[in-house]
Structure formats: structure tokens, C-alpha cells
Amino acid sequence: MSALIGVYYPYRKTLVRLNSGIRMSKRILIIEDDDETRELLRMALEKRGYQVTVAEDGVRGYDTALFLKPDLIVTDIQMPGADGVHVIRRVRDTASLEKIPILVTTAFGTGTATFSLQLGANAYEPKPINSESFLSTVRRLLSDRNSLRAA
């Protein structure tokens with residue numbers, strides 16, 4: 001038996017399916033303002049069996065992370081309003097989220113990526129996204145998180 005749990009925004013409803021309290025696959029939250037990139041990442045991850053939830057900006061992304069408690073957060077850095085830096089800081093300052101790995105995607109080079117890592121991101125992938133490298137990094141971060149839980 002599965003239950004639907006909803007996160008409601010005034011303009012949009014997002015539903016997350018949980019299977020009898022037992023997670024069948026890893027949950028990944030994508031925070032990305034570019035429709036094409038967001039869809040590319042979502043399709044690549046879902047094709048590999050991950051449960052994917054998306055948010056279009058940092059505020060909605062952080063709120064969704066609070067509710068969802070994903071296994072991994074993938075966030076763009078450059079977004080209007082609350083950007084990826086805002087997301088990283090808020091996630092790392094929230095006790096229930098602080099151990100969730102964060103993968104940053106950026107088109108702004110190694111300086112931005114290095115700054116993100118200093119703030120608490122765990123890894124970064126340059127844009128345009130190389131799907132093979134991206135998926136390898138996702139697997140590594142999820143594997144590292146599982147190793148930490150077992151210890």
C-alpha cells in the first residue's frame with residue numbers, strides 16, 4: 001500500500017509517493033531554474049530508478065528539502081532570488097538536513113565551485129552537464145552517505 005503526501009504551494013501542488021514507509025529507491029531533490037536542464041537531470045536520474053522531486057528556485061527547494069528529507073540535493077548556483085549559495089547555507093544550518101550531501105551544478109567555473117565546496121557542498125559538476133560524470137558523482141555521493149550511516 002502506498003500513501004501520497006503532498007507539499008502545497010499557492011500555485012503548484014507536488015506529490016511525493018512513499019511505499020508503505022519503506023523507501024524503494026533513493027530520493028533526489030533537484031533545484032534548478034532552467035527548465036531544460038532540470039528536465040534533463042530529472043530524466044537521467046529517473047531512468048536509473050531514483051525518485052526525483054524538482055524545485056524551480058532556492059526558496060521552494062529548501063522548503064521541499066525540509067519536508068522530503070532527500071538522500072541527495074542537486075542545486076544550481078546561479079538562480080534568481082534565493083540562489084544555490086542560500087540553499088547550501090540554509091541546509092547546513094538546519095539540524096534535520098545538515099548531513100544530506102549537496103551536489104552543485106554551475107556554469108561559472110572553478111572559483112564558484114570552490115566557494116560552494118567551502119560553504120559545505122560535497123561535490124560539483126560543471127555545466128553543460130556531462131551525464132556520465134554527473135551520474136557517477138551522484139552514485140558516489142549516495143554511496144558515501146550509506147557508508148556514513150553504517151559506521
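This is a predicted model: local features need pLDDT of at least 70, side-chain atom pairs count only at pLDDT 80 or more; totals for chains, interfaces and linings use all residues.
**Entry: L119.** Setting aside neighbours within four places in sequence, I find L119 in contact with V85, I88, R89 and R92. L119 itself belongs to helix α4. I then checked the spacing to one of these partners, R92. In sequence, L119 and R92 stand 27 residues apart. In space, their C-alpha atoms are 8.4 Å apart.

**Entry: α3 against α4.** Next I turned to the two helices. I note α3 as residues 84–92 and α4 as residues 109–119. Their axes are 9 Å apart, and the packing angle is about 15°. Angles under 35 degrees count as roughly parallel, and α3 and α4 are therefore roughly parallel to each other. Which hand does the crossing of α3 and α4 have? I find it right-handed.

Then I listed the residues that meet. From α3 come V85, I88, R89 and R92. From α4 come F115, S116 and L119. By class, I get 4 nonpolar, 1 polar and 2 charged residues in this contact.

**Entry: rings.** How many aromatic pairs does a search of the whole structure find? I get 0. I did find a charge over a ring: the charged end of R90 sits over the ring of Y62. The distance to the ring centre is 3.8 Å.

**Entry: backbone.** Most residues other than glycine have a negative phi, and most peptide bonds are trans.

Where is K69? I place K69 in the loop between α2 (58–68) and β5 (72–76). K69 is not a glycine, yet its phi is positive, at about 50°.

The other place is the bond between K127 and P128. I find this peptide bond cis, with omega about 0°. P128 lies in a loop too, with β7 (123–126) on one side and α5 (131–150) on the other.

Notes: Residues are numbered from 1 along each chain as its sequence is written. Side-chain values use heavy atoms; hydrogens and water are left out. Axes are lines fitted to C-alpha atoms, for helices over the stretch in contact, and angles run from 0 to 180 degrees between N-to-C directions. Helices (H or I, at least four residues) and strands (E, at least two) are DSSP runs, numbered from the N terminus. Angles under 35 degrees count as roughly parallel, over 145 as roughly antiparallel, 65 to 115 as roughly perpendicular and the rest as oblique. A crossing is left-handed if the near helix is turned anticlockwise from the far one by less than a right angle, and right-handed if clockwise. Contact means heavy atoms within 4.5 Å. Ala, Val, Leu, Ile, Met, Phe, Trp, Tyr, Cys and Pro count as nonpolar, Asp, Glu, Lys and Arg as charged, and the others, Gly among them, as polar. Rings of Phe, Tyr and Trp (its six-membered ring) pair if their centres lie within 6.5 Å; planes under 30 degrees apart count as stacked, over 60 as edge-to-face and the rest as tilted. A charge sits over a ring if NZ of Lys or CZ of Arg is within 6 Å of the ring centre and within 35 degrees of the ring normal.
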